Every structure is written in structure tokens, then in C-alpha cells.
Amino acid sequence: MKVKVVLFSFLREKLGWKEKIVEVEGEKATLEAILDKLPDLKEAILSSDIDSFLILVDGVNVRLLKLLKTEVKDGTEIAIFPPGGGG
Amino acid sequence: MVLGGYTGKILRVNLYEEKVYVEALPDEVLKKWIGGRGLGVYLLLKEINPKVNPLSPENKIILLTGPVTGTGYPMSGRWCSVTKSPLTNTVHDSHSGGKWGPELKFAGFDAIIVEGVAEKPVWLWVHDGKAELRCASHLWGKDVHSTTDMIIDELKAEIGDDAKNVKVACIGPAGENLVRFAAIMNDKNRAAGRGGHGAVLGSKKLKAIAVRGTIKPKPADEGAFREAVMKAMDKIKKSPVTSQALPAYGTAVLVNIINKHGIFPTRNFQTGVFPGAEKISGERMAETILIKEKVKEEACWGCPVACARYTKVTTPPWTGEGGGPEYETIWAFGSQCGVDNLEAIAKANFLCNELGLDTISMGHAIGTFLELVEKGKIPKGVLRGLRAEWGSLEAIVELTWRTAYRSGIGNDLAEGAKKLAEKYGAPELAMVVRGQELPAYDPRGVQGHGLGYATSNRGGCHLRAYLIAPEVLGVPQLVDRFSTKGKPKLLKDFQDLFAVVDSMVICKFSTFAIAAEDIVEALTAVMGVKFTVDDVMKIGERIWNAERAFNVLSFGDGRAYDTLPKRLLEEPMPEGPAKGYVVKLGEMLDEYYSVRGWKDGRPTRAKLEELGLKWVADRLEEEGLLPE
């Protein structure tokens, strides 16, 4: 199965990419398993305060789901934002 | 005795007499209403009949600072205007940043009350504790930037080089032409945008207010104040929102965030997902049109965040430069109109600044117009051949200047989205609350924010209570945006706290970093009055209730107005992460009234007296408007 991981704001500068397609075995996987395939991203998130990142799985905040254990399937989009704000 | 932080003086400008008066501000009033929005609401309730026509000489408009303005407290470089709005008929406060606010304080005044109407256009010069009205006939008709430059030139002849330190607030052609959402602009690119305060000044023929001074305000307890400043600065530096996201991308950082949550209102709230969002995002702005070197200059007075943008477009035909665009502006001229071209959006934004227009209402109303065209409601001839369809870049620019000058269809747009949609037989297409156009978040995917829109005293507004912070950004804590549980109480707390924030006057973005305790500490140190969190929340509640009471007296505000457009209550979001949702207002409204101590959207006598507003309850009772 394939999922799309999209980065925003200064994560793009930090890691040097905007989006990647990640392929894993099977029909389901956890967010954690996907991050394992992207070690630079995993490091960026875990070395900072993970709570301050906005991680969406198909537009829903993983803190309303199962955090890193949230399940993803084929075609899921994972969007990751460092903290932002405004009016 | 003057409380700390204030000058203790209000300037009263009587335009009939062409005279100015200096009055004292009683401490007792300041302890109950603080300044800024709160003080403005109090003064309006005392001094005008809430039923006045907002564009008549009987309305008053008050420009205010707060005790914290100009003291060096972080994010305190702001000011606000309070009046009865010609767009909403509510009491209405409109806020702006830049540098004008602190300079008014330095010029020796906490606030300026403007009353009556001048015989011919005038401008007001306020400096070093004095003020005078001057002829503005040569300025009338000029745009915001020209007006500012001409006033500074005029003053150069009198005060020499110091003229470059003069700060100017003024209206452009939009205010002169009484566009219902005309802005008061200051420092060229900053806007007290919402609610048509510019039109009120236009109706009074007051073209501009220039300020300059060197009188520094003094906090009551210098030591405690310095500590409060250091604590706040530390928190601002630690919060990634205020220390990284906003400085790097400005408020435009929200474009992708809000779009990915599926709540980026698109084509007049027909959906919440816009495929072109990336092209008009803060990230894209930083890569293309942002002029980083000018960002610091554009920042509000003394602000450590500097979220303001300065952009330059070199691609014809949208060439231009200036301050902005902000998130709301990008939305209003962007996805609201089906437009995914950042350069055209920037051009429309520059025009709004020069002509003196609220970007939110302007772009939003264009979107309303485009849906009216789409649904066949606009007679062909009216367009004069303009390609008025979703994504039309030329339409967003042309309709902006047409509105400022009430030219052609601009005359209808100038009345606001509500009157526009009503005129063309489709009132249901106006996404407004109390006549003010909704901003850049579709509430079907954020329930509490939706309740906030519905109950906002100043009409469709995202800042009375920015529930996007907890419901989307997770600040201070993430709450479930799809749930209605607990939202009424959460909303009340935000509404009350933000009323105080607006009265101090500090920037709401500070609340991404500091909390109620910090606000209490700042107020206590500045004013020299011992406040607790409960005291401060009570002041906020008082302001909120006074505003609602004004509206009740003005037009019978209440449950019937605490609502949302049918689309948001009955048409489920068609796609995206919020697919299938409507705003479940019915699940929240009664609980909100219960939490507020109101009945059917109106404050009860018990609640008003609890807040020291017996005089307001009496007035409501006299007119048979007090709930049983």
C-alpha cells in the first residue's frame, strides 16, 4: 500500500522535501511504521516536542485518533505541520 | 490620581463647533472597563442613543488605546476604534496594529471621542497634549498613501525633520463614499478593517488624524512591570507559534493548515477544500513575493514577533507592492473567489490598503457576487462585460476599485454581502451574521468556532473568541473540533478573556504564548490595581454583556440573531475531512445562554446587576426589552 506524506512550513526547509510517497507491505499500517520509513522526519519530530506538531491523517488530528498508533491505509494522506497560528 | 499606564486625558472633538476639549478619565470607570474596547463600549452606551443611524451626525466614533499601549509590554503596539457600525447596526470595535496607537499615547491622550459632523472636510492634528482641526479640502478624494504623505509634507514646513515621526490614521475614497465596510487605515498599510468605521469618519467629514508626541506612559509599579515584561517575552520566545511560525510565514501559514483540515471556505462556503491552496500559501509567499528585509519595518510598534508581511509583485498585470497580504485577505480574494493566483490576490490587497477597504468583507462580498452570477441572479447588462466567474483574476481587482468608488455594480457591493444578495433575490447566499461577512474558517468542521460566529456581538467574526486555537491548532490544548461538548463554556471563557485583551489593548497573538495569569500580572503592575483572574474575567463578562445590551436596544438583538446562514446549518459539507457535517448550533445555543445567564439571547436583570450594570437593566426594562 502507498501513503502520501506532506510537509509544511519550516519542516520543508529543515528536511529539504515537500512530499513523499511511502510504500509498505500489507493493507494497513500504523503512522509509526510509516515514520520508520522516513528517518529524517522521525528524528525531526521526536527530537522536538512531538505535542507541538500538528499531524493529520486525512485531515483528522492524530491526537483525536490513536497518535502514533493511528492506522493508515492505501491512499491515506499524512500532513505534518510544525506549530502555526494566526488570525 | 491618574492610574498607571494612562495619560488620564480624553480628547473630545466636536465637529459642529470645530472645537476640541480635554477631559479627565475617572479612575472608577477605568477600573471597571480598562480602556480600548471596554472603555469605548461604556462611553457609547452612555453617550449615544443605540438606535441612531450609524452614518448620521448623532453617532460617535471613539479611537482608543489602553493602559498597556506604548509601555513596552510586548505586543502592545495596537489601538482600536469603537462606534455603531453601518454594516451591522451593532456596537462595534475594530482593531489595528502598526505604530499609530502608541503615538497617540505619546501625544498625550488615551482616547479621542469624535462627535457631530464638520461643515467641510477636516483633519485633526494631535501633538504634545494639544489638538487642532485643520482644513482637509485638498485631501478629500486622495487615497490613503497620498493623504499620509501630504499631511507629513504639510507638517514638515512647521516642525521640520520630526514630521517623519508623525503617524497618520485616515480614510481613503471608500470611507468618503460611505462604503459600509470602509476601513480606517493607519501607517499606510494597517487597517482597523471590519465594520465600516471608515464610513463613519467619512460621514463626519473627518479625513485623517495625525499624532505625534514624546510623553511616555508610566506603569504604576515599575519593578513588577519589568518582571511581567520579562516573563511575557520569555513565553513569547518559547512558543513556536510566536517565535517561529508567525515571524517566518506570517498569518499566511494558516492557508495550508486550514485547507488540510477541510475548512478553507471555497466559492462562498460551497465547500471547505480548495485545490489551489498551496499556490496561495504562506510557504509560496515566502518563496516568491515576500520582501523579507521590509518585514521588520512593517511590524507593529515594539513587537518581538513581527508577523506583518511586505510583498512586491513584478508579474504583469498585477505589479505593485505594499503591506500584506494576511491569511484572511488571501482567503477572501483567493478560495472565496475560486482564485489561486497569489499575485492577483496581492494586487487586490494593495488596492484595499490604498483605497481604505476591509479586505475580508471586500473579498467575501466578491465571492457572494460570483455565486449570484453563477446562479443566474445578476442581469447581464450589469456586468458591463466583466468576466465575473470563479477564478477570474481581473474580477477581484476591478470589483475592488469599483466598490471604493461605488462605480457600476460596485455600488451594490459597497452595501455589503447581505444587502447585495437581498437586492438580487437570493438572501440565502449571504454568508453573514448580523450583517457582517464570515471570515476564513468554515464552521461546519469546527463546532465551537461556529457557535462563536453565531453569538458574536459585532457580527461574523473569528476573533471575538478564536476557538480555532483549541479546536484546530491545539493551543492551549486540543479539543475535538467535531464535538459540541463543552464548547459553550469554552466559548464564553474565550469571549470574556479576549474582551479584556481588546481593552488593554494587546495583540491576540500574545495568547498563543501568555495566559490569563500573565494578563492579570500585567494589568496589576501597569495600573497599580490588584486584580485576580476572577476580577479580569468579570471585566470581560461585563464588556460582553454591555455590548449585547447595546445591540438589544439598537435592534432587538437576541436568539433570532444568534444564528448562522442556512447553508452552514443544513447543507452538509460535501467533501474532505469535515464531510457530512453541519454546525450543530441547536446542541449548543441553549447551554451557551445558560452559561451566560441570559434568556433567549438577552442578559437578565440578575446578570446585569451582578456586573454592576443596573443602569443598563433599567434602560432595557424601560423599553420592554428585558427578559422575564
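1. B:Ala306 sits in the loop between helix H11 (295–298) and strand E13 (310–313) of chain B. This is a predicted model. B:Ala306 has a positive phi of about 55°, although it is not a glycine. Most residues other than glycine have a negative phi. Is B:Ala306 exposed, partly exposed or buried? A residue is buried if 20 or more other C-beta atoms lie within 10 Å of its own, and exposed if 12 or fewer do. B:Ala306 has 15 C-beta neighbours inside 10 Å, so it counts as partly exposed.

2. B:Met75 is another residue to check for its phi. The value is near 65°, which is positive in a residue other than glycine. B:Met75 belongs to the loop between strand E3 (60–64) and strand E4 (79–84) of chain B. B:Met75 has 28 other C-beta atoms within 10 Å, so it is buried.

3. Two peptide bonds deserve a look. Most peptide bonds are trans. The bond that joins B:Val475 and B:Pro476 is cis, with omega about -5°. B:Pro476 lies in the loop between helix H19 (468–473) and H20 of chain B. A cis peptide bond also joins B:Met504 and B:Val505, and here omega is about -25°. B:Val505 is in the loop between H20 and helix H21 (516–527) of chain B.

4. Next, the packing of H20(B). Helix H20 (residues 487–504) of chain B packs with helix H2 (residues 36–47) of chain B. Their axes are 4 Å apart, at an angle of about 90°. H2(B) and H20(B) are therefore roughly perpendicular to each other. Which residues make the contact? H2(B) brings B:Gly36, B:Arg37, B:Gly38 and B:Leu39. H20(B) brings B:Ala499, B:Asp502, B:Ser503 and B:Met504. By class, 3 residues of this contact are nonpolar, 3 polar and 2 charged.

5. Now to strand E7 (residues 122–127) of chain B. Is strand E7(B) mostly covered or mostly open? It is mostly covered: 6 of its 6 residues are buried. In a regular strand the side chains alternate between the two faces of the sheet. On one side of E7(B) are B:Val122, B:Leu124 and B:Val126, and on the other B:Trp123, B:Trp125 and B:His127. All are buried, and both faces are covered.

6. What pairs with E7(B) in the parallel sense? The partner is strand E12 (residues 206–212) of chain B, over 6 bridges. Within this pairing, B:Leu124 has B:Ile209 of E12(B) as its bridge partner. E7(B) also pairs with strand E8 (residues 130–135) of chain B, in the antiparallel sense and over 6 bridges. Here B:Trp123 stands opposite B:Arg134 of E8(B). E7(B) and E8(B) form a hairpin with 2 residues between them. B:Asp128, in the turn, has a positive phi of about 45°.

7. Last, the chain contact. In chain B, 29 residues are in contact with 21 residues of chain A. Helix H8 (240–249), helix H9 (254–260) and helix H12 (327–333) of chain B each supply at least two residues of the side that touches chain A. Which element gives the largest share? H8(B) does, with 7 residues. By class, this side of chain B divides into 17 nonpolar, 7 polar and 5 charged residues.

Terms used:
Residues are numbered from 1 along each chain as its sequence is written. Chains are lettered from A and ligands numbered from 1 in the order in which they are written. This is a predicted model: local features need pLDDT of at least 70, side-chain atom pairs count only at pLDDT 80 or more; totals for chains, interfaces and linings use all residues. Two strands pair if DSSP finds at least two bridges between them. Two residues are in contact if their C-beta atoms, placed from the backbone, lie within 7 Å. Ala, Val, Leu, Ile, Met, Phe, Trp, Tyr, Cys and Pro count as nonpolar, Asp, Glu, Lys and Arg as charged, and the others, Gly among them, as polar. Axes are lines fitted to C-alpha atoms, for helices over the stretch in contact, and angles run from 0 to 180 degrees between N-to-C directions. Angles under 35 degrees count as roughly parallel, over 145 as roughly antiparallel, 65 to 115 as roughly perpendicular and the rest as oblique.
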